[in-house]
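Here are my notes for anyone opening this model for the first time. I'd start at the ligand and then move on to a pair of helices.

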Amino acid sequence: MVSDLENEIEFPEPDIVDEASDPFDVFFRWYSEAEIKDNVANAATLSTVRYDHKPSSRYVLIKEVSREKGFVFYTNLKSNKAKEIFQNPYVSLCFFWTISGKQVRTIGRAYELSDKEADEYFKTRPRLSQLSAWASEQSSPVSSYEELKKRFFEFAEKFNGQDVPRPPWWKGFYVIPEEFDFLIYTPFRLHKRVFFILKNGIWQKSYLCP
Ligand SMILES: Cc1cc2nc3c(=O)[nH]c(=O)nc-3n(C[C@H](O)[C@H](O)[C@H](O)COP(=O)(O)O)c2cc1C
């Protein structure tokens with residue numbers, strides 16, 4: 001009987017996404033749940049647009065999320081992603097929390113963080129990561145993995161006995177979102193999907209077919 005389906009299927013429970021008028025409220029709630037349940041909850045795919053108009057995606061770790069600064073990540077300003085952002089600052093970030101069964105996509109504009117902000121964060125990094133930041137010319141060819149290790153040990157020697165300074169090109173971006181697309185996964189394909197878009201400073205909300 002078709003009417004039995006209603007009882008058989010586990011539809012998503014009512015969620016903050018149903019009642020919220022501010023997408024950050026949803027993000028913060030979902031994120032705090034994912035931090036408890038999921039591995040590497042702060043990993044997001046960052047998509048940029050290349051010089052040839054083809055998209056390019058890779059993971060980054062989101063180190064901070066706030067209404068003021070949006071989504072913050074750190075990287076090498078000589079990397080492909082940074083070059084792409086300088087050419088076209090519009091990016092997309094997408095999280096998928098497998099245990100929570102939730103996906104969040106944001107689209108927004110990326111801005112470079114200040115030297116001061118990058119310095120402060122770099123100081124909190126483990127020393128080995130600081131040395132790697134010097135050793136890795138991110139996105140550039142290197143003759144072998146051995147060569148990369150050699151460079152790492154050269155910088156370890158160079159900065160032996162002193163604090164490792166931040167390489168001037170090691171910095172970060174913050175992404176101010178203009179759109180959020182929230183999805184609650186269901187095994188039978190009838191996911192719950194809620195879209196927010198910022199228009200004249202006001203978030204507009206709608207449900208989308210999954
Ligand atoms: C889980 C995970 C997290 C990562 N986090 C960062 C990050 O925060 N910043 C970064 O520059 N690269 C990070 N990477 C490496 C990037 O995915 C990418 O390979 C690298 O930044 C070079 O990208 P590009 O050549 O497109 O610039 C991470 C990779 C993984 C798998």
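1. Around the ligand you'll find R58, Y59, V60, L61, Y74, T75, S79, N80, K81, Q138 and S139, where being around it means having a heavy atom within 4 Å of it. This is a predicted model, so to speak: local features need pLDDT of at least 70 and side-chain atom pairs count only at pLDDT 80 or more, while totals for chains, interfaces and linings use all residues. Residues are numbered from 1 along each chain as its sequence is written, and side-chain values use heavy atoms, with hydrogens and water left out.

2. Which elements supply the shell? β2 (55-61), β4 (70-76) and α4 (80-87) each give at least two residues, and β2 has the largest share with four. Helices here are DSSP runs of H or I, at least four residues, and strands are runs of E, at least two, numbered from the N terminus.

3. By type, the shell has four nonpolar, five polar and two charged residues. Ala, Val, Leu, Ile, Met, Phe, Trp, Tyr, Cys and Pro count as nonpolar, Asp, Glu, Lys and Arg as charged, and the others, Gly among them, as polar.

4. Look at the ligand's oxygen atoms next. One is 2.8 Å from a polar backbone atom of Y59. An oxygen is also 2.6 Å from a side-chain N or O atom of K81, and the side chain of S139 has an N or O atom 2.6 Å from a ligand oxygen. The protein buries 62% of the 620 Å² that the ligand exposes taken alone (Shrake-Rupley method, 1.4 Å probe).

5. Now the helices. The axes of α6 (residues 127-135) and α7 come within 8 Å and cross at roughly 120 degrees; axes are lines fitted to C-alpha atoms over the stretch in contact, with angles from 0 to 180 degrees between N-to-C directions. L128, L131, S132, W134 and A135 in α6 meet L148, R151, F152, F155 and A156 in α7, contact being heavy atoms within 4.5 Å.

6. Finally, R151 sits in α7 (residues 145-158). Its side chain makes a 3.3 Å polar contact with that of E137 (N or O atoms within 3.5 Å, one able to donate a hydrogen and the other to accept it).
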